[in-house]
Amino acid sequence: MQRYNILWADDEIDLLKPHIMFLNKKGYDITGVNSGADAIEQCEQNNFDVIFLDENMPGMTGIETLSQIKQMRPNVPVIMITKSEEEHIMEEAIGAKIEDYLIKPINPNQILLSVKKILDKKRIVSEKTNQSYQQDFQKISMAFFDDMDHNDWIDIYKKLVYWDLEINDTENKSMMEVLEMQRTEANVNFTKFIKDNYKDWISSHESHRPVLSHELMKEKVFTELDNEGPVFFIVIDNLRLDQWKILEPLISDYFNVDEEFNYFSILPTTTAYARNAIFSGMLPSDMEKHDEDIWVGDDEEGGKNNHEGEFLNRQLKRRRINIKASYNKVIHVSQGKHILDNIHNLLNNKLNVIVYNFVDMLSHARTDTEMIRELAPDEPAYRSLTHSWFTHSPLLETLKILASKKAKVIISTDHGTVRCKRPYKIIGDRNTNTNLRYKQGKNLSYDKKNVLVADDPASFSLPRINVSTSYVFATEDYFFAYPNNYNHYVKYYKDTFQHGGISLEEMIIPCINLSAK
């Protein structure tokens, strides 16, 4: 077992010999000094894993000593020990970034707990996390044999995300490979579940099915309009549940999470279909039929999401919701800053919809840009980039202002993404769409194993461009690749984050209801 070196500065160090002997037996080597000046000298000459500082030493006080030590050894953890309970001393010590604060008289176990919390925390957390996941592993695996409904699948996915984040925070991440295998198994079974139930969901209004994309605003946004104050519905494109979880602590400084709800994206899990469904309140085939003038299909040129604001206005009118509303899309930082500068005007509206496209852009940049791919080789790194963006984004600044104004905020997304690892050969004509997770066209040729086929698009509430049009959805972590130039294509797209198909990551997505603190 590793032995740690501890520096202990106290003007009554000789009286602390019993405590020092206790720590020696527990595997810690103690260097004792009786003044702040001696402590600084020791820090100049030696490396220590942790430092104990008595706050009330003659000559140089503990706070003064702490300041000099932090300049010299900024990363060494310091535990302040004091007889005083005065608040200003505590605040000075905390402001100087101490790790712990103990008040005399102290007992050996109290000291040991503080040291373990600092020096052995990673090891202890790793061991306990791995133990706990091993216990939950069996429960999750057994659940796959049950007759699960959509709520059960939401619970399973939330557990997998929880363990992903927990294991990633451990020191050696030794259980990550096991978790990856279980996540793969989960997606295999989730695909079967979707194949068995999706068409019924589309044609049914029964309570046994999940909320789908086209129902999100009716169920979770319009219900908030009766309350006082403005409502801000913020859609962060492509935001997976795990990405939300790493943003949540930043947002929780300003908002209470009143509800974390998970709904299901429609198929295809793409911006063109799922996000248009959110704002129109309709399924794709109905959009094509009733809003033909603003619906842009896969067979047409031009952006697929240029009419979201109009879809929203028509939905409000159709539902007889007569309010002052705005629609705003942020693709560039300058647009985010414009919203920030204009926030006081938006507060006069009852409903403000803000679409943030950054995460979607990040997934595409990761595919197309070697440097971004190097920065985000896997899910934890992808989450880290999302966290970094959000920390420095105008969106966070906007949320701070909305919290101060007690505005109601709902954050959601249109679909998630899955890291694609396995190619799947498909052949289509030149009019077949380019998405890697679903194909729409005529005379598509493919192996029917491990895909979901919509030979009758109407039964999936999808537009039919011509009589022989069909849709094919990739499942699990597959991505479609053409036989022509196959090896180059596979190398380029393998391990990229894509959407459009069927996976837990793409289909089960968060909607968070926030109220200002």
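Student: Why does Thr82 count as buried?
Tutor: Thr82 has 0% relative accessibility, and buried means under 20% relative accessible area, with exposed over 50% and partly exposed in between (1.4 Å probe, protein chains only). So Thr82 counts as buried. Keep in mind that this is a predicted model, where local features need pLDDT of at least 70, side-chain atom pairs count only at pLDDT 80 or more, and totals for chains, interfaces and linings use all residues. Residues are numbered from 1 along each chain as its sequence is written, and side-chain values use heavy atoms, leaving out hydrogens and water.

Student: What makes the link between Thr82 and Glu55 a polar contact?
Tutor: Their side chains are joined at 3.4 Å. A polar contact is a pair of N or O atoms within 3.5 Å; within protein, one must be able to donate a hydrogen and the other to accept it, and residues adjacent in sequence count only if both atoms are side-chain atoms.

Student: What makes Asp10 and Lys104 a salt bridge?
Tutor: A salt bridge is a side-chain nitrogen of Lys or Arg within 4 Å of a carboxyl oxygen of Asp or Glu. Here the N to O distance is 3.1 Å, so the pair qualifies. Asp10 and Lys104 sit 94 residues apart, and both are buried.

Student: Why do we say that Asp164 and Arg383 tie together parts that are apart in sequence?
Tutor: Their side chains meet in a salt bridge of 3.1 Å, N to O. Asp164 lies in helix α6 and Arg383 in helix α17, so the pair ties together parts 219 residues apart. Helices (H or I, at least four residues) and strands (E, at least two) are DSSP runs, numbered from the N terminus. Both Asp164 and Arg383 are buried.

Student: Why do β13 and β15 stand at the edges?
Tutor: The open sheet runs in the order β13-β16-β15, with antiparallel pairing. β13 and β15 each have a single partner strand, so one side of each is left without a neighbour in the sheet.

Student: How do you know that β13 and β16 pair?
Tutor: Two strands pair if DSSP finds at least two bridges between them. β13 and β16 have five bridges, so they pair.
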